[in-house]
Amino acid sequence: MSTEIYLDANATSAVLPAAIAAADAAMRAGFGNPSSTHATGLQAKAMLDGVRACARRVLGVGNGRLVFTSGATEGIQTAVLSALCAIRERQLRGEPTGSLLLYGATEHKAVPEALAHWNRILGTGLVLCALPVDRAGQHRLDMLRELAPQAALVCTMAANNETGAVSDLAGIEAILRDSPAYWMVDSVQALGKIALDLAATRIDYAPFSGHKLYAPKGVGMLYVRDGAPYTPLMAGGGQEGGARAGTENMSGIAALGAVLEALEQGGLFRTHDELVAMRERLADALRAVFPGIVFNSPFATSLPTTLNFSVPGFASKELLDLFDAANVRVSSGSACSSAKAAPSYVLEAMCAPAWACAAAVRMSFGPLATMAFIDAACQRIAHCGAALRASCLIPSDTPMASHDGVIQLGSDGANTWIVADAASRSCVLIDMHEQHEERVASYVRCQGYAVRARLSTCDVQGWPEGSMQVALGNGTQAAAIAMGENVLARLAPDDIFMGVSYLFGRCGGAGLASGEVRFAFTGGQVLPGGVCVSLPLAQLRHGVQRLAALVHADTILCPARDDKNQVCSSIGAEGRGAGVLAELLAMQPRLARPALPAMDSMMHLAPDGLERFLASHPDAVLVDVREAFEHAAATAPEWGGQRALSVPLSRLASHLPQWLAGPQRPLVFFCRTGNRSARAAQCLHRLGYQNAWSVIGGMALGGAALALAA
Ligand code: PLP
């Protein structure tokens, strides 16, 4: 479990040991400048020439040019600049050129961005036009046939980085044969996976990148067909025969040389059939865990090393979190876009359903993978499946430990609340949002809970027949549902604002006393920091203060929305704040809480200070706020023989009353990246718990320190 399974080779690959050795040698004995004419320089030049010769053979460049670059992005710029300069010359001579810069709709962003950039800089005034692809990610050849006569430059990648879809280059070539348009083929993902014989094709430009195939970052190649126009991107000392100025990245080129040599000699890289068998095994492991899985690119026309899939009911971020917890590195969409939550533009261009675009996960491996590695990955996938079953996210035959308390499901700022009672094996759903329906249904099914009511804070619909009456803290009576030793009481619309609120707490002989109310579900009416209804101030004050009279300062406010990522709040915290609520609550001395010192960076623990902090705070509790399925998939750290406490962010609210009521032991929250733990620590601070901490960078940066704690 502790070893990393790296399945993100399309983003970048590990460096081949022979490539590291070659780079090392180039930096030690072979450190010379290949432009120097003394022996040290000549030795470096010999290495450079040797790598170029090897690259020419591997790519089949014939009489074409092979220029070393810093990577594919530079190769793309150079190709686009070269083609556009030639087009501009033709324009200036009054010769006809096409008017379109045609690019595949699923190209890497470097391509349309480079086209737009150089078209603007050079003033060529051409029109960028995305060539549509079909459901399989294949370029629409019918559209290409139609558009080709107007094209000045056509860009069609060899294989897609997100889906692995392999383009029909022969079909494209047949259409472009008689067209005067230049043709660039981004070949980054094809190297080492598809046989290339470039000079035998009509391709004018083909950029490559070293770091996608076991060479380091910062080195690449650009093939330019013999006779295709060329304009250097960089001018200077005349290196690369004047094609690309700047002293060469010799260690990178040496490393790339080692990879190309291995490719040329054969034997090291797996054959296509071997890679296909590996993909099949991975796909079977995924199908076993996720019977509803959808593969987004047909295997028959995709690289065998790329699997792009979506699982109904799971956001890609959730699966990424799950796999990352189990030390399996995958990506949501492409590496460039996975930091953003935006759906994949590649899948959108393929007209994949919206849910699949937003839920896509990419697993990719390199052609050096072994079956033993794939088997280890499959085992880890099965382990992730077990973690999901244990967390009620996929069906399970084994009975689960019953949940008790409050669960918060949040997405896009919308909260659904589940009030679960283990004793009566029942639950109540409050402010159910559409996007959580499936998740809640599988949770309820897996827990074997009866849904007592589906309530809304907007209206009284869903309240069950024959409910009981309880006395509230101010002596009034309210309808209530008994849940074990607790009750859920309803505050009818005319009591508080226009909507309905619900109070949850232990019911004593005298009813639901204010001091016993642990949670108040206030919907969209009382939100952290404010009140979301437009009523006259006096009426608002009356409503807020009536609510305040029925609860206590640390009653947790559970709103229907969490747009500020605050998780939840309390009346005491709101009274202390600077929002409208503070003003409306000003008349309530019973709820007053001392002002807090300003929240500062002290609540963040740097990973390298974590061990020291834990050693000097033996009463500290490590709290894993990753979701239960992530915690179950991971080897959770421990401190002083104590396993980290698992309190998923979705159950933070449930734990707050007990933390706020007890002694303030240091709580050290951690998660995958440090974002959720920071939210948890901030929430506790706001609620008056000063001793809450968050590990900066989470398991990603503090993993070593957290593992040390184990
Ligand atoms: N083209 C494709 C298809 C890629 O996958 C990438 C890398 O993400 C690039 C271009 C850019 O390559 P580089 O990182 O070498 O600039």
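Figure 1. In helix H20, the residues Arg676, Ser677, Ala678, Ala680, Ala681, Cys683, Leu684 and His685 are buried. Buried denotes under 20% relative accessible area, exposed over 50%, and partly exposed the range in between, with a 1.4 Å probe and protein chains only. Helices (H or I, at least four residues) and strands (E, at least two) are DSSP runs, numbered from the N terminus. The model is predicted, so local features need pLDDT of at least 70 and side-chain atom pairs count only at pLDDT 80 or more, while totals for chains, interfaces and linings use all residues. Residues are numbered from 1 along each chain as its sequence is written, and side-chain values use heavy atoms, with hydrogens and water left out. The cover over the buried residues of H20 includes helix H9 (316–325), helix H18 (628–633) and helix H19 (652–661), together with strands E26 (604–605), E31 (667–670) and E32 (692–695). The 12 residues of H20 (residues 675–686) should span 16 Å at 1.5 Å a residue, and the end C-alpha atoms lie 17 Å apart, which agrees. The expected span is 1.5 Å times one less than the number of residues in the helix. Just after H20, glycine 688 adopts a positive phi of about 100°.

**Figure 2. The chain as a whole.** The chain contains 21 helices and 32 strands. Its C-alpha atoms fill a box of roughly 95 × 55 × 50 Å, taken along the principal axes. Of the 710 residues in the chain, 56% are buried. Among contacts (heavy atoms within 4.5 Å) between residues at least 6 apart in sequence, 68% join residues at least 24 apart.

**Figure 3. The nonpolar cores.** The largest nonpolar core has 52 residues, and those with the most contacts inside it are Leu59, Phe208 and Met221. The largest share of this core, eight residues, is contributed by helix H7 (residues 250–265). A second, separate core of 43 residues includes Trp417, Ile430, Val647 and Cys683. A nonpolar core is a set of buried Ala, Val, Leu, Ile, Met, Phe, Trp, Tyr and Cys residues joined through side-chain atoms within 4.5 Å. In soluble globular proteins, nonpolar side chains tend to be buried together. Leaving aside residues up to four places away in sequence, the residues touched by methionine 221 include Ala55, Leu59, Leu66, Phe208, Leu256 and Leu260.

**Figure 4. An open sheet of three strands.** The strands follow the order E9-E10-E12, and their pairing is antiparallel. Strands E9 (294–295) and E12 (361–364) stand at the edges with a single partner strand each, so one side of each is left without a neighbour in the sheet. Two strands pair if DSSP finds at least two bridges between them. E9 pairs with strand E10 (residues 306–310) over two bridges, and phenylalanine 295 stands opposite phenylalanine 309 in E10. Helix H8 (residues 272–289) packs on the sheet and touches E9, E10 and E12; its direction makes about 20° with that of E10. Axes here are lines fitted to C-alpha atoms, for helices over the stretch in contact, and angles run from 0 to 180 degrees between N-to-C directions.

**Figure 5. Strand E12 and its partner.** E10 and E12 are antiparallel and are joined by four bridges. The bridge partner of leucine 307 is methionine 363 in E12. Both faces of E12 are covered: Val361 and Met363 on one side, and Arg362 and Ser364 on the other, are all buried. In a regular strand the side chains alternate between the two faces of the sheet.

**Figure 6. A β-α-β unit.** E15, helix H13 (residues 437–447) and E16 form a right-handed β-α-β unit. A crossover is right-handed if, with the strands pointing away from the viewer, the path from the first strand over the helix to the second runs clockwise. Strand E15 (residues 426–430) and strand E16 (residues 450–455) run parallel and are joined by five bridges. Valine 428 stands opposite alanine 453 in E16.

**Figure 7. Two loop residues with positive phi.** Most residues other than glycine have a negative phi, and most peptide bonds are trans. Asparagine 327 has a positive phi near 65° and is found in the loop between H9 and strand E11 (328–329). Asparagine 327 is buried, with a relative accessible area of 17%. Aspartate 412 also has a positive phi, near 50°, and lies in the loop between strand E13 (405–411) and strand E14 (414–421). Aspartate 412 is exposed, with a relative accessible area of 71%.
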